[in-house]
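Subject: Structure handover

Hello,

Please find the structure below. My notes on it follow.

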Amino acid sequence: MDEWIEKKTIVFDGIDTEFGFMQVVDGYYLDEYMRFLLVDGAMQSAVYLHDNAGDALPFEYMQEFDWVYRINPQIKSALLIGGGAFAYPRYYFRKFPQNRMTVCEISETVIRLAKEYFGLDALMTEAGDRLSVYAKDGKRYMEETEEKFDLILNDAYIGGASSESMKSQAELIHKHLTNDGVYAANMVMALEGDASLAGRQEMETFAEVFRYTFLLPCDDELDPEEQQNCIFFASDHPLIPEG
C-alpha cells in the first residue's frame with residue numbers, strides 16, 4: 001500500500017476509473033527510488049528511477065517469472081496479460097531483443113499513463129512490430145485470435161471463478177500455447193489454511209488440462225497461512241529447469 005512509500009511526490013494527481021482511482025507517484029520503497037502506479041492506494045506496478053537501475057524488475061515476483069526461460073530456453077513469443085507500468089515488457093525486450101510480445105491491458109487509462117509517465121511510447125518505438133499492445137481483456141483477446149505463443153504470462157490474476165469457468169480458462173490458455181509452451185501466473189494466495197483453498201482449486205483445475213504444474217512461492221520465510229505472491233506454472237513441457 002502507499003503508506004510504505006517514503007518521501008512521496010505526486011506526479012499525476014489521479015483519476016477515477018471503472019477499475020479504481022489511479023495515481024502516479026514518485027518515492028522510496030525499501031530504500032529504492034521508484035515511480036509507482038497506484039490503484040485505490042495499492043501498488044499496481046512500478047519502475048526504478050535511479051540511474052543505474054537499467055530495466056531491472058521492481059518486484060520479486062516478477063523476477064521469478066524468469067524460471068520460464070530455464071524451463072524452456074527456446075521461447076520466442078509471449079502474451080502478457082496485464083501491462084501495468086510495462087516494466088516487464090521493457091525487461092523482456094532488453095533480455096530478448098529479437099523476440100515478440102503481445103500485451104493485453106484491459107484499462108485504456110493504464111495504457112495512457114504508461115505512455116505518459118512510464119516510457120511506453122519509447123518502448124513501442126524501439127520494439128517496433130515486435131510489440132503489440134491492446135486495450136482488451138486477455139481472455140477476450142484469446143477468444144478472438146488463433147495465434148499461439150511460447151509463453152503466456154498472467155500478471156492480472158483474479159481468483160474466485162467457478163470451477164466450470166476455471167476449466168474453460170485453462171483450456172483456452174492451453175489452446176493458445178505452442179507444444180512446449182509455458183503458462184505462468186502471479187497468484188496471491190496462502191500456502192496453507194483457508195486462504196489457500198481458492199488457489200489450490202484453480203491449480204487442480206489446470207492440472208486436469210496440462211501435463212505438468214508447479215507452484216513457486218516467492219517468500220519461503222513467510223508464515224504459510226499468510227497470503228503472498230506465488231508463481232504458478234503449467235505446461236505440457238516438463239517443468240524442470242535445464243542446467
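A disulfide is a pair of cysteine sulfur atoms within 2.5 Å. A search of the whole structure finds zero of them. Cysteine 218 is buried, at 10% relative accessibility. Cysteine 230 is buried too, at 0%. (Buried means under 20% relative accessible area, exposed over 50%, and partly exposed in between, with a 1.4 Å probe and protein chains only.)

Some ground rules. This is a predicted model, so local features need pLDDT of at least 70 and side-chain atom pairs count only at pLDDT 80 or more, while totals for chains, interfaces and linings use all residues. Residues are numbered from 1 along each chain as its sequence is written, and side-chain values use heavy atoms, with hydrogens and water left out.

Helices and strands are DSSP runs, numbered from the N terminus (helices: H or I, at least four residues; strands: E, at least two).

Helix H4 spans residues 108–117. Its buried residues are Thr109, Val110, Ile111, Leu113 and Ala114. They pack against E1, strand E2 (20–29), strand E3 (32–39), helix H5 (120–127) and strand E7 (131–134). Contact here means heavy atoms within 4.5 Å. Serine 107 caps the N-terminal end of H4. One of its side-chain oxygens lies 3.3 Å from the backbone nitrogen of threonine 109. A polar contact is a pair of N or O atoms within 3.5 Å; within protein, one must be able to donate a hydrogen and the other to accept it, and residues adjacent in sequence count only if both atoms are side-chain atoms. After H4 comes glycine 119, with a positive phi near 80 degrees.

Helix H3 (residues 87–95) is mostly covered, with seven of its nine residues buried. Among them are Arg90, Tyr91, Tyr92 and Phe93.

Two single residues next. Aspartate 13 sits in strand E1 (residues 6–17). It is exposed, with a relative accessible area of 56%. Aspartate 13 touches Phe21 and Gln23, leaving aside residues up to four places away in sequence. Valine 24 is eleven residues from aspartate 13 in sequence, and 7.0 Å from it in space, C-alpha to C-alpha.

Threonine 145 lies in the loop between helix H6 (138–144) and strand E8 (149–154). Threonine 145 is buried, at 15%. A polar atom of its side chain lies 3.1 Å from the backbone nitrogen of glutamate 147.

Best regards
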